[in-house]
Amino acid sequence: MKKFVLITAVLALLASCNSGNDKGQLVGVKGKKWHPEKPYGMTLVPGGSFIMGKADDDLAGVQDAPAKTVTVRAFYMDETEITNSEYSQFIENVRDSIIRTELAEMADVEGKTPGSDDIGEFAYKGSDESEELTPYQEYMRDNYGNDQKMLNKEVDLIFETSEYPDVLYAEVMDGMYIPLEESYNGQRTWDVKKFVFEYSYMDIEKAARDKKLSRSDVIIREEVEIYPDTTAWIRDFAYSYNEPMHNDYFWHAAYGDYPVVGISWTQAKAFCQWRTNYHNDYRREKKIHAVGRYRLPNEAEWEYAARGGLQAATYPWGGPYAKNDRGCFMANFKPLRGDYAADQALYTVEADAFEPNDFNLYNMAGNVSEWVNSSYDPASYDFASTINPNVNDASNQRKVVRGGSWKDVAYFLQVSSRDYEYADSARSFIGFRTVQDYMGTEVTANTK
């Protein structure tokens, strides 16, 4: 009888080990099938090789973009530059998270818990003993402190002052606005210096080059003030009246579909991290695969995308002229030695204005210049790799901008022209767009 029980137990164990019906064969771990998903507002740029750099004479004599053949992998790219409306979503999401944290902290200090119409409704989850946390949530909270406390996002924030639930709520909200003595015309505005986005990432390149470093040595933590520098509209142009653009361009609904400007390279990087977090937080709730991170394109990716599959072209539409066969300008820039209005725009235009290139990308020339994830080195083309080339030296704060802008002459609209600005600079003529690596079966433009 004992022998029978033992044999039965062994058979049950073997059955459990082979529960995947693999018949004892090496079939690999089976997970959920991956289906590439094109992110909203992006287009797939198929990987391939192209001649990067100047195809014609370098009329400006910069000599920083000699022609060379390089290859890039497939990636998704925003069809338009990031708009004021899209960047505002970033700001409002960060602002609301900060407010919820401040409300939860105040409720914690005052011993307020959910159940009444006061600040307690915004207390951390689990602050009320009747509210149960999972064992994991309880363990993380007790052992790792406030950083692991969960905000209650199920309750809507209240912005109308007449509807504040109590004085504690009013105190928290008052701290998010500029001081009363600094307001004018009876209007209080947000203290945008409080809109700080905190994030961390791993410096993979640093870790790969020095294996002696510990993991903590390559975890980088950033705190970035994310509100655009609207004063750039005035500082960029001496003896010029641009006050209306300073006052209205970012926040007014009339400019919602226009490209955001006044964004530093550092802020653009922060936006990419937030967008990654925002997308994957949703996918985690739905229990589906996380997507790859959003990031700035490197210089080779940007130029490859701007060319739209055209080899040796001067502009995204080909060229060699900035006008089409009907005499219309093909982009928003400064033509005719300063006649800004000749292309029907004094400043920027909508992000989807003018015709897209053959990759369905808008305004890869003109409108606003765009930050890329590369440092400017006049000689970088000489030593950069020929596969996915990228030169981004953390100690070099000169970051490449591409595409030319509404205030530039046609030379800077050329897909091969390079320019730079310092990483902490914010300009009224520089914006950005993001990319995401393509995962799955390789897609190349060279495949027949």
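**Exercise 1: Salt bridges**

Find how many salt bridges the structure holds, then look at where some of them sit.

*Solution.* Start with the rule: a salt bridge is a side-chain nitrogen of Lys or Arg within 4 Å of a carboxyl oxygen of Asp or Glu. By this rule the structure holds 21 salt bridges. This is a predicted model, where local features need pLDDT of at least 70 and side-chain atom pairs count only at pLDDT 80 or more, while totals for chains, interfaces and linings use all residues. Residues are numbered from 1 along each chain as its sequence is written, and side-chain values use heavy atoms, with hydrogens and water left out.

Step 1. Take Asp 281, which forms a salt bridge with Arg 284; their closest N and O atoms are 2.8 Å apart. Both residues lie in helix H8, 3 residues apart, about one turn of the helix.

Step 2. Check accessibility, where buried means under 20% relative accessible area, exposed over 50% and partly exposed in between, with a 1.4 Å probe and protein chains only. Asp 281 has 38% relative accessibility and therefore counts as partly exposed; Arg 284, at 56%, counts as exposed.

Step 3. Now try Arg 295 and Glu 301, whose side chains meet in a salt bridge at 2.8 Å, N to O. Arg 295 is buried at 10% relative accessibility, and Glu 301 is buried at 3%.

Step 4. Glu 421 and Arg 427 also meet in a salt bridge, at 3.3 Å from N to O. Here Glu 421 is buried, with 13% relative accessible area, whereas Arg 427 is partly exposed at 23%. Finally, trace the network in which salt bridges with shared partners join Glu 299, Glu 303, Arg 307, Arg 402 and Arg 418.

**Exercise 2: Aromatic pairs**

Classify the pair Tyr 164 and Tyr 169, then do likewise for Phe 271 and Phe 432.

*Solution.* Rings of Phe, Tyr and Trp (its six-membered ring) pair if their centres lie within 6.5 Å; planes under 30 degrees apart count as stacked, over 60 as edge-to-face and the rest as tilted.

Step 1. The whole structure gives 35 aromatic pairs. The ring centres of Tyr 164 and Tyr 169 are 5.2 Å apart and the planes stand at 55 degrees, so this pair is tilted. Both tyrosines are buried.

Step 2. Phe 271 and Phe 432 are 5.3 Å apart, centre to centre, with 70 degrees between the planes: an edge-to-face pair. Phe 271 lies in helix H8 (residues 265-285) and Phe 432 in the loop between strand E11 (430-431) and strand E12 (435-437), so the pair ties together parts 161 residues apart in sequence. Phe 271 and Phe 432 are both buried.

Step 3. Widen the view: ring pairs link a cluster that includes Phe 271, Trp 274, Tyr 278 and Phe 432.

**Exercise 3: Cysteines**

Find how many disulfides the structure holds, and say whether Cys 272 is buried or exposed.

*Solution.* Step 1. A disulfide is a pair of cysteine sulfur atoms within 2.5 Å. The structure holds 0 disulfides.

Step 1. Cys 272 is buried, at 3% relative accessibility. For contrast, Cys 328 counts as partly exposed, at 37%.

Technical notes. Helices (H or I, at least four residues) and strands (E, at least two) are DSSP runs, numbered from the N terminus.
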